[in-house]
Amino acid sequence: MSGRAPLRPAAAGAIIAILALVVLAADQLAKHFALQNLPYQEPVHVIGDFLIFYLTRNSGAAFSLGADATWIFTIALSAVAVVIVWLAATRVRSRLWAVALGLLLGGVLGNLGDRLFRDPGFGVGHVVDFIDTPWMWFIPGMPGGIYNIADMFIVSMMIGVAILVLVGLHFDGSRDKKHADEQVEQAAVQDAEAERDGSTAARAGGDEDADAAASDPAPPKSGD
């Protein structure tokens with residue numbers, strides 16, 4: 001069975017751009033809401049200890065990691081954004097890759113905007129974080145972290161990219177030969193099972209018709 005046709009370059013670019021803008025807008029609106037309405041570094045329990053709003057500023061990476069390397073993260077975020085835009089323009093023809101990279105780009109731009117335009121200065125701005133979910137930090141000895149909408153998409157889409165790589169899906173929508181052969185074999189097995197089930201049902205129907213014909217007496221012949 002043939003897959004869906006690859007996306008045209010313009011379509012792939014449009015998907016990536018639209019998703020990136022949606023994530024960027026959601027992230028910046030949420031940060032604006034947090035700055036306007038939340039007290040600084042004071043917990044606001046929204047759903048007990050399940051969801052807490054805690055407004056703070058982070059000079060490090062996602063989940064408050066690497067707080068002393070602001071310039072490095074600014075450069076890294078810029079490089080990731082450039083790579084995604086280049087892939088969108090030249091390589092990506094897969095719908096799944098377009099979705100994953102679009103959401104990832106939106107998260108990257110959300111935090112990159114903070115690095116570039118927020119205090120204390122251009123390129124070393126602190127990212128606005130305000131979401132605290134203590135129940136997530138289930139690993140013994142792992143410190144908690146405050147994060148934002150952009151962090152959520154960065155982390156989740158990095159996992160998504162890893163999954164796409166592991167399943168052998170290429171940017172153009174093709175798959176590794178190994179995975180393609182496995183899919184062909186699986187489809188062949190499913191077709192064989194469906195054919196066998198259909199034959200069994202047909203035989204069963206024929207046997208029932210024969211039994212019914214044998215059990216019905218022949219109609220009496222009319223006399224001359």
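Good morning. Please keep in mind throughout that the model is predicted.

Let me begin with the overall layout. The protein chain has 224 residues, and 31% of them are buried. Its secondary structure consists of five helices and three strands. Read from the N terminus, the elements follow the order α-β-β-α-α-β-α-α. As for contacts between residues at least 6 apart in sequence, 63% of them connect residues at least 24 apart. The chain exposes about 13800 Å², and carbon and sulfur atoms account for 66% of that area.

I turn now to the sheet. In general, the strands of a sheet pair through backbone hydrogen bonds, in either a parallel or an antiparallel manner. Here, three strands make an open sheet in the order β1-β2-β3, with antiparallel pairing. Which strands stand at the edges? They are β1, residues 44-47, and β3, residues 127-132. Each has a single partner strand, so one side of each is left without a neighbour in the sheet. On average, and ignoring direction, neighbouring strands of this sheet are turned by 30 degrees against each other.

The pairing of β1 with β2, which spans residues 51-58, involves three bridges. Helix α1, residues 9-37, lies across β2 and β3, and runs at about 80 degrees to β3.

Next, I ask you to look at Val92. Where does this residue lie? Val92 is in the loop between α2, residues 70-90, and α3, residues 95-117. Is Val92 buried or exposed? Its relative accessibility is 0%, so Val92 counts as buried. Setting aside residues up to four places away in sequence, Val92 touches Ala12, Ile16, Leu87, Trp97, Ala98, Leu101 and Phe171. Val92 and Gly13 are 79 residues apart along the chain, yet their C-alpha atoms are separated by 8.1 Å.

In soluble globular proteins, nonpolar side chains tend to be buried together. The largest nonpolar core here has 25 residues, and those touching the most other members are Ile16, Val92, Trp97, Leu101 and Leu104. Which element gives the most? It is α3, with nine residues. Another core, of ten residues, lies apart from this one; among its members are Ala34, Leu38, Phe130 and Tyr147.

Thank you for your attention.

Methods: Residues are numbered from 1 along each chain as its sequence is written. This is a predicted model: local features need pLDDT of at least 70, side-chain atom pairs count only at pLDDT 80 or more; totals for chains, interfaces and linings use all residues. Side-chain values use heavy atoms; hydrogens and water are left out. Two strands pair if DSSP finds at least two bridges between them. Helices (H or I, at least four residues) and strands (E, at least two) are DSSP runs, numbered from the N terminus. Axes are lines fitted to C-alpha atoms, for helices over the stretch in contact, and angles run from 0 to 180 degrees between N-to-C directions. Contact means heavy atoms within 4.5 Å. Buried means under 20% relative accessible area, exposed over 50%, partly exposed in between (1.4 Å probe, protein chains only). A nonpolar core is a set of buried Ala, Val, Leu, Ile, Met, Phe, Trp, Tyr and Cys residues joined through side-chain atoms within 4.5 Å. Accessible areas come from the Shrake-Rupley method with a 1.4 Å probe; for residues, only the protein chains shown count as cover.
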